[in-house]
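Thanks for coming. Please take a moment with the sequence and the model on the screen, and then I will go through a few places in turn.

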Amino acid sequence: MARDEFVLDTPAVHAFVLDVCAAIEGAVSSSEACEAIRPRFAALLADPQWLPARYQEAAAESGMGGGIGQWLLYRAGDGSLSLFSLVVPPQAQTPVHDHLAWGLVGLYRGTQEEDVYAKRGDTLELVERRTLRPGDFYALIPPRDDIHRVRTTSPVTSVSIHLLTNDTGCVWRHAYDPESGEEKPFRSGYVNASCKHGGRRESDI
Ligand SMILES: [Fe+2]
């Protein structure tokens with residue numbers, strides 16, 4: 001098994017991951033684990049110091065397109081957990097996509113508008129549009145709310161922090177055409193890390 005990777009190798013990230021792993025181990029369900037992690041995640045979003053500027057920068061070449069940067073901060077060697085920042089330039093938006101894992105997602109900088117979709121047979125229905133401000137976060141427990149896209153509405157890049165229970169940048173997931181509902185295999189990658197240890201096929205997830 002590959003070793004855990006602390007790309008952002010700081011005491012703050014080590015302490016956060018340690019607390020998260022303890023919460024997951026002590027929980028009997030994904031929702032209970034999310035509840036236990038919430039205070040720790042809120043504290044991370046409220047801390048202006050822990051995330052260096054480079055992980056808040058857009059990336060010209062990225063799997064998401066539009067200059068959107070997905071920066072890996074930490075991932076477990078067995079692909080069971082990842083922490084990353086998603087940086088979306090002003091006016092840019094992600095493709096409609098899913099995550100295929102539970103976890104917590106919250107906004108660290110800027111503002112975003114998020115469109116949440118639900119599958120209705122072969123089509124997608126827009127079920128919610130919400131505005132996110134710094135400090136806002138939610139528990140993502142698929143299949144509920146797993147399909148979405150975000151766009152930045154602030155004049156600065158938006159930075160959201162994702163804690164998800166897979167190696168999100170490396171797993172094959174789905175991007176969708178919101179008009180037709182057509183889905184395509186999608187792997188976003190990371191700006192700063194390879195997928196040589198990851199890349200489980202969709203059928204393995
Ligand atoms: Fe997402």
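D145 sits in the loop between β8 and β9. Helices (H or I, at least four residues) and strands (E, at least two) are DSSP runs, numbered from the N terminus. D145 is not a glycine, yet it has a positive phi of about 60°. D145 is also buried, at a relative accessible area of 15%. For these words, buried is under 20% relative accessible area, exposed is over 50%, and partly exposed is in between, with a 1.4 Å probe and protein chains only.

Before going on, the ground rules. This is a predicted model, where local features need pLDDT of at least 70 and side-chain atom pairs count only at pLDDT 80 or more, while totals for chains, interfaces and linings use all residues. Residues are numbered from 1 along each chain as its sequence is written, and side-chain values use heavy atoms, with hydrogens and water left out.

Back to the loop between β8 and β9, which also holds P143. A cis peptide bond joins P142 and P143, with omega at about 10°.

Another positive phi of about 60° belongs to L100, again not a glycine. L100 is in the loop between β4 (96-97) and β5. Is it buried or exposed, or in between? L100 is partly exposed, with 28% relative accessible area.

Now the sheet. In what order do the strands of the open six-stranded sheet come? The order is β1-β2-β3-β10-β5-β8, with antiparallel pairing. Because β1 (5-6) and β8 (137-140) are at the edges with a single partner strand each, one side of each has no neighbour in the sheet. Two strands count as paired if DSSP finds at least two bridges between them. β5 (residues 103-109) pairs with β8 in the antiparallel sense over four bridges, and G103 has L140 in β8 as its bridge partner.

Helix α2 (residues 30-46) lies across β5, β8 and β10 (158-164), and runs at about 15° to β5. Here the axes are lines fitted to C-alpha atoms, for helices over the stretch in contact, and angles run from 0 to 180 degrees between N-to-C directions. Contact means heavy atoms within 4.5 Å.

On to charged pairs. Side chains of opposite charge can pair when their charged atoms come close. A salt bridge here is a side-chain nitrogen of Lys or Arg within 4 Å of a carboxyl oxygen of Asp or Glu. How many salt bridges does a search of the whole structure find? The search finds 13.

One of them joins R40 and D19, with the closest N and O atoms 2.6 Å apart. R40 is in helix α2 and D19 in helix α1 (residues 11-25), so this pair ties together parts 21 residues apart in sequence. R40 is partly exposed at 25%, and D19 is partly exposed at 37%.

R151 and E113 form another, at 2.3 Å, N to O. This pair links strand β9, which holds R151, to strand β6 (residues 112-120), which holds E113, 38 residues apart. R151 is buried at 17%, whereas E113 is partly exposed at 21%.

R129 and D115 also form a salt bridge, with the closest N and O atoms 2.6 Å apart. R129 is in strand β7 (residues 123-132) and D115 in strand β6, so the pair ties together parts 14 residues apart in sequence. D115 is buried, at 0% relative accessibility. Through shared partners, salt bridges join E113, D115, R129, R149 and R151 into one network.
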